[in-house]
Amino acid sequence: MKSIRLVLTLLATLPALAHAAISVFACEPEWGALAREIGGDAVKVYTATTAMQDPHRIEARPSLIAQMRRANLVLCTGAELEVGWLPLLQRESGNADVQPGRPGYFEAVRYVTLLEKPARVDRSQGDVHAAGNPHIQTDPRNIARVGAALAQRLAEIDPANAALYQARWKDFSARWDAAVTRWQAQAAPLKGMPVVVQHKSFTYLINWLGLREVATLEPKPGIEPSVGYLAEVAAHLKTTPAKAVLRATYQNPRASEWLADRVDIPAVVLPFTVGGAPGTDDLFGLFDVTLADLLKIAR
Amino acid sequence: MLRPTLMAAALAVAMPALSANARADAELDALRAELKQMKDSYETRIQALETRLHAAEIQANQAVHTADKAVQGADQAESQAKSASAQAAPLESPAPASLLSQFNPEISLILQGQYANLDGDIENRNITGFLSPSDFEASSGFSIAETELVLSASVDPYFRGYLNAAIDPDGGVGVEEAWFETTSLGEGFKIKAGRFLSALGYQNTQHPHAWDFATNNLMYDAAFGGAYTQNGAQVKWVAPTDLFMEFGAEFGNGDSFPSTTSTGLGDYTLFSHFGGDVGVSNSWTAGLSYLYGKAQDRESGMADLNDVWADTYFNGNSKNWIANFVWKWAPQGNPTERYFKFVAEYFWRDEQGNLLCADNTAEGGVCNGTDSAYTSRQSGGYLQGVYQFMPHWRVGYRYDRLNDGNYNFGANDAYLPVYDYAPTANTVMVDYSPSEFSRLRLQYTQNKSMIDISENQFFVQYIMSLGAHGAQKY
């Protein structure tokens, strides 16, 4: 009798074990952080890249294949940002659930309006993305759009925890909306501030805060500037001065520091994603620090 | 006299008119462009407003819907409103038109060419002591290598297809790979069938354009005549573990050295690969594979005891073990700036069967068509390091060494030489990649693969990739 009861108890706990945290494979830190906000303890998040790495150029390492093999949900930016490595991971993992078109594959760009759709798609134009600029996470309103869709997707994949995801999303979304309002108020002095960017990394941030992008250091996306080109940018800045040169944490400092020195404006490293600077351990921190950095320039 | 003056006068009148005309045109163009810009920007704004309106409508509808229900019970309504607002929020846009989906299938083209400076006096290139494929043709001067055309796409939700066709510069198209694989088996399983590069070892699945050097290593030349291709099927499984573990098997009638297609089914490979990260800056992979091949009239060649070229034909079986190890380092895991890559592979081969030395007495040789027992136990490998010391620039060094071990020609010992010689090669290269899609390379090789010959080889090579952005394997 005793053993039968034991077996029954074990059987009763089995479904609970099966429903232990679902595995989320996040291509970039911002989506990993978002999945943690919405999923809480119900999800186990693995973030494939760090703020120190260029998301365009990641190696399809064996460790990434091993993680993708066990993922229930793969959460990526899309718009060909990960085209050099993600398709290989999906194919090599042998995980049918996370193939393109399956609920287990989530592309963030599908839920926001992309900027900078190129008129011409040709490699002579550099590393252009046919769908538009993929660096959508620098506008917090996009985070909210993606979050709403992600909450729904998590509920679809893990119906047992649907209520939990909705509740956590609601809570996050309320705090996020309040924060966005706060950031927008803080950012009032930034309106119209002219800046130079190294790569087209901050298009959405610039658009959100009404900054003015007066020059890009890369002559074409993903193509490093020559000294001659930088000199042209420097000359251009004589007539249309900018307040700072912005770059992301993972980007090489050479070009922006050379220019900053030449035209005597600060070269500023913005976190770009979660983990890109001290104090950016979560999404709120990311924008707190970004805003603080920008306000320092405006002063 | 009158004419030039008249001409000048006419010109003087016409010039301002012309330039005025041009100016007017330019102004008109500028106006048109401005108008177009305004139109475009308004169109996008209107579109954005429309989407927002649509979203608002949906939310309003949902709200009305839930409000109706609210009459039935306040508690229930509240929970519904919550879920309704949460569900109405995301408006999924259709899949953005990506380059990949616009081109269905994905198409890419690899253009390769080189200038080689080799020792023109060397005839019948082979590897001393090794029965290796007899087609080591190498020519000095400018040449284009095979142009590779690659097509791949999902067949349907269950399969994916791939074709790699090599266009021979002298005419003709060769099928390097043509296979389909499953995409929906799940649980880490995948089946592939057709003609494909075997998953054994490390370099075997790489096409020449992905090599880190302009020439192949001696091990792959001696062991597989370039790379081992299988005509058949492959099953592989990735384990659900943190440590990457992959196991697989291939069956078929091996399409390349050391097998021959004529023997039919019966060739197989077993392979395993492991890998992981060490901290954020280091990663590795290692593997062990086994290849069993059957050969029928497998052609090789060597100089006989009279130093006259003799064609040989091997019938028997070939057992091969292959070990591979790769270590990569990139500061912070960001290979854009700097990285180092170390690769080492080693193979052991055991062959048993009969070897026929074709009659070459007409050319002054000593072989008379004797078919006698042949056994060999040989090994070899390579070590290489490639360092990207700044963006776009890499340097590399490779050391090749084969051990001829024991080999025995039986009765043919009377006609064929047995040496005690270890073929080696030292290679250095520097390459420059203006972008991910183009690469220019300079290489020097000191090749001692043939006894008594130390050859200096120089190469200038280009590799251009057009079309779909192929993902690079680790």
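1. Buried residues, meaning those under 20% relative accessible area with a 1.4 Å probe and protein chains only, make up 42% of the 474 residues in chain B. The model is predicted: local features need pLDDT of at least 70, side-chain atom pairs count only at pLDDT 80 or more, and totals for chains, interfaces and linings use all residues. Residues are numbered from 1 along each chain as its sequence is written, chains are lettered from A and ligands numbered from 1 in the order in which they are written, and side-chain values use heavy atoms, with hydrogens and water left out.

2. The secondary structure of chain B comes to four helices and 17 strands. Helices (H or I, at least four residues) and strands (E, at least two) are DSSP runs, numbered from the N terminus. Of the contacts in chain B with a separation of 6 or more, 62% are between residues 24 or more positions apart; contact means heavy atoms within 4.5 Å.

3. Strand 4 (residues 159–167) and strand 5 (residues 173–182) of chain B are antiparallel and pair over nine bridges. Two strands pair if DSSP finds at least two bridges between them. Phe159(B) has Thr182(B) in strand 5 as its bridge partner. Five residues lie between the strands of this hairpin, where Gly171(B) takes a positive phi near 105 degrees.

4. Strand 5 of chain B is also joined to strand 6 (residues 189–197) of chain B, in the antiparallel sense, by four bridges. Here Trp179(B) stands opposite Gly194(B). The hairpin of strands 5 and 6 of chain B has six residues between the strands, and Gly186(B) takes a positive phi near 75 degrees.

5. Further along chain B, strand 10 pairs with strand 11 (residues 309–329) over 20 bridges, again antiparallel. Trp284(B) is placed opposite Trp327(B) of strand 11. In the hairpin between strands 10 and 11 of chain B, which has five residues between the strands, the positive phi belongs to Asp307(B), near 65 degrees. Strand 11 of chain B then runs antiparallel to strand 12 (residues 339–357) of chain B, with 18 bridges, and Val326(B) has Val343(B) in strand 12 as its bridge partner.

6. The interface of the two chains deserves attention. In all, 60 residues of chain B are in contact with 47 residues of chain A. The two chains bury about 4500 Å² between them, 53% of it on carbon and sulfur atoms; buried area is the accessible area (1.4 Å probe) that two parts lose on being put together, summed over both.

7. Seven salt bridges are found across the interface of chain B and chain A, a salt bridge being a side-chain nitrogen of Lys or Arg within 4 Å of a carboxyl oxygen of Asp or Glu. One of them joins the side chains of Glu337(B) and Arg254(A) (4.0 Å, N to O). Several elements of chain B give two or more residues to the side that touches chain A, including helix 2 (74–88), strand 6 and strand 10 (282–303).

8. In chain A, helix 3 (residues 62–69) is mostly covered, with eight of its eight residues buried. Among them are Leu64(A), Gln67(A) and Arg69(A).

9. Thr290(A) is found in helix 10 (residues 283–298) of chain A. Thr290(A) is buried, with a relative accessible area of 5%. Leaving aside neighbours within four places in sequence, Thr290(A) is in contact with Leu205(A), Leu270(A) and Pro271(A). A polar atom of the Thr290(A) side chain lies 2.6 Å from the backbone oxygen of Leu286(A).

Key
Buried < 20%, exposed > 50% of the residue type's maximum accessible area, 1.4 Å probe, protein only. Polar contact = N/O pair within 3.5 Å; in protein donor to acceptor, adjacent residues only side chain to side chain.
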